[in-house]
Amino acid sequence: MEEIINNLMQLNPIWVYFAVFIIAYIENIFPPFPSDIVLIIAGSLSAIGRVDLYFVLIIATFGSTAGFMTMYKIGAWFGLKVIETNRFKFLQLDKIHNVERWFQKYGYFVVVINRFLAGTRAVISFFTGVSNLSFWKTSLLACISSLLWNTILLIGGNTLGANWHVIKNYLDTYWKVVTIISAIVVVLIIVINYYRKNGRKS
């Protein structure tokens, strides 16, 4: 991480903006990627005048939204076609259609909170496309989600400056808690659906 900081410190601000955009974009397609840490560092760089805080926020939000919508388009164009060819034996078609119906019902809410969830961003964006949610509504909500999350990270980095690692420690704890809660919710959904199905059979 120190190496990332040193490299960013030595870059021309234009290249820092470019790096922020690329990393924010790629993170939505090939997770995991250290975009959150890079944003915290960019926030700390803004504290010493190396980059402009508001411009970094715009660039990061645009990059993140563009990456999210790229996966949306991949899901919309190829998702079901690839799944229905049965190339991925571990993906059961009926389960995929259940997920699709679930996203059609709750997908917009999930898009809003997607930036606050751990390790699910690429999956969420993909299934919003598979489920044919509105492109423009999804774009807007993805942008809002990214804007809120990026603002928190950048302000944290800007406020702490050289002590940016403090927010990183809080972030690590946050991701652990969110991961545990997400796992519990998934297990509960599976158990509830199992008992509902068995109840109907009986």
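Start by selecting the buried residues of H6: Arg121, Ala122, Ile124, Ser125, Phe126, Phe127, Thr128, Gly129 and Val130. Buried here means under 20% relative accessible area, with exposed over 50% and partly exposed in between (1.4 Å probe, protein chains only). H6 spans residues 121-130 and is mostly covered, with nine of its ten residues buried. Helices are DSSP runs (H or I, at least four residues), numbered from the N terminus.

A word on what you are viewing: this is a predicted model, in which local features need pLDDT of at least 70 and side-chain atom pairs count only at pLDDT 80 or more, while totals for chains, interfaces and linings use all residues. Residues are numbered from 1 along each chain as its sequence is written, and side-chain values use heavy atoms, leaving out hydrogens and water.

Next, click on asparagine 132, which follows H6 and has a positive phi, near 60 degrees.

Now jump to isoleucine 37 in helix H3 (residues 35-47). Isoleucine 37 counts as buried because its relative accessibility is 10%.

Finally, show H2 (residues 13-27) beside H3: they pack at an angle of about 155 degrees, with axes 9 Å apart (lines fitted to C-alpha atoms over the stretch in contact, angles running from 0 to 180 degrees between N-to-C directions). That makes H2 roughly antiparallel to H3, a label for angles over 145 degrees. To see the contact (heavy atoms within 4.5 Å), select Val16, Val20, Ile23, Ala24 and Glu27 in H2, which meet Ser35, Val38, Leu39, Ala42 and Leu45 in H3.

Key
Helix = DSSP H or I, 4+ residues; strand = E, 2+ residues; numbered from the N terminus. Parallel < 35°, antiparallel > 145°, perpendicular 65-115°, else oblique.
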